[in-house]
Amino acid sequence: MNDMLYPIRVGEDGDWDANNSIQTPDSETSYHVKGLLPYTVYSFRVIAVNAKGPSRPSKESYYMVTLREGK
């Protein structure tokens, strides 16, 4: 595996927009997402990418709601 792609969906009915994804430069299985908006619903998928191309997307995560902005 060369890297990981994390598509992000905003809202419960949002689209899985290919432009709204995080791509990591390695095969780490965790990632700290930055820049999320407060009081917003997000869900994620995982796509592994190797020399043969991307895998099928994983099942989406449970919905997660961000809290207020930190100080």
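This is a predicted model: local features need pLDDT of at least 70, side-chain atom pairs count only at pLDDT 80 or more; totals for chains, interfaces and linings use all residues.

Me: What share of the residues of the chain count as buried?
Reply: The C-alpha atoms fill a box of roughly 40 × 30 × 20 Å along the principal axes. The accessible surface comes to about 5600 Å², and 51% of that surface belongs to carbon and sulfur atoms. Of the 71 residues, the share that counts as buried is 27%.

Me: And the contacts? What part of those with a separation of 6 or more comes from residues 24 or more positions apart?
Reply: Here the contacts in the chain with a separation of 6 or more form the reference set. Within that set, residues 24 or more positions apart account for 52%.

Me: Now to β1. How many of its eight residues are buried?
Reply: Strand β1 covers residues 3–10. It is largely enclosed by the rest of the structure, because the number of its eight residues that are buried is six.

Me: Which residue of β4 stands opposite Leu 5?
Reply: β4, residues 47–50, also runs antiparallel to β1, and three bridges join them. The residue of β4 opposite Leu 5 is Ile 47.

Me: What is the bridge partner of Ile 8 in β3?
Reply: β1 and β3 pair in the antiparallel sense over three bridges. In that pairing Val 10 stands opposite Tyr 42. For Ile 8, the bridge partner in β3 is Phe 44.

Me: Let's stay with β3. Which residue of β6 is the bridge partner of Tyr 42?
Reply: β3 pairs with β6 as well, in the antiparallel sense and over two bridges. In β6, the partner of Tyr 42 is Met 64.

Me: Which residues of β3 point the other way from Val 41 and Ser 43, and are they buried or exposed?
Reply: Val 41 and Ser 43 point one way from β3, residues 41–44, with Tyr 42 and Phe 44 pointing the other way. Tyr 42 has a relative accessible area of 5%, and Phe 44 has 16%. Both values are under 20%, the cut-off for burial, so Tyr 42 and Phe 44 are buried.

Me: On to side-chain pairs. What is the N to O distance in the salt bridge of Glu 60 and Arg 9?
Reply: A search of the whole structure finds one salt bridge. Side chains of opposite charge can pair when their charged atoms come close. Between Glu 60 and Arg 9, the N to O distance is 2.5 Å.

Me: How many residues apart in sequence are the parts that this pair ties together?
Reply: Arg 9 counts as buried at 9% relative accessibility, whereas Glu 60 is partly exposed at 32%. Glu 60 lies in the loop between β5 and β6 and Arg 9 in β1, so the separation of the parts they tie together is 51 residues.

Me: What is the angle between the planes of Tyr 6 and Tyr 31?
Reply: The whole structure holds two aromatic pairs. Tyr 6 and Tyr 31 form one that is stacked, at 6.2 Å centre to centre, and the angle between their planes is 20°.

Me: Where does Tyr 31 lie?
Reply: Tyr 6 is buried at 10% relative accessible area, while Tyr 31 is partly exposed at 44%. The pair ties together parts 25 residues apart in sequence, because Tyr 6 lies in strand β1 and Tyr 31 in the loop between β2 and β3.

Me: How far apart in space are Val 46 and Thr 29, C-alpha to C-alpha?
Reply: Val 46 lies in the loop between β3 and β4 and is partly exposed, with a relative accessible area of 30%. Leaving aside neighbours within four places in sequence, Val 46 is in contact with residues including Met 4, Leu 5 and Arg 56. Thr 29 is 17 residues from Val 46 in sequence, and their C-alpha distance is 9.1 Å.

Definitions and conventions: Residues are numbered from 1 along each chain as its sequence is written. Side-chain values use heavy atoms; hydrogens and water are left out. A salt bridge is a side-chain nitrogen of Lys or Arg within 4 Å of a carboxyl oxygen of Asp or Glu. Helices (H or I, at least four residues) and strands (E, at least two) are DSSP runs, numbered from the N terminus. Buried means under 20% relative accessible area, exposed over 50%, partly exposed in between (1.4 Å probe, protein chains only). Two strands pair if DSSP finds at least two bridges between them. Rings of Phe, Tyr and Trp (its six-membered ring) pair if their centres lie within 6.5 Å; planes under 30 degrees apart count as stacked, over 60 as edge-to-face and the rest as tilted. Contact means heavy atoms within 4.5 Å. Accessible areas come from the Shrake-Rupley method with a 1.4 Å probe; for residues, only the protein chains shown count as cover.
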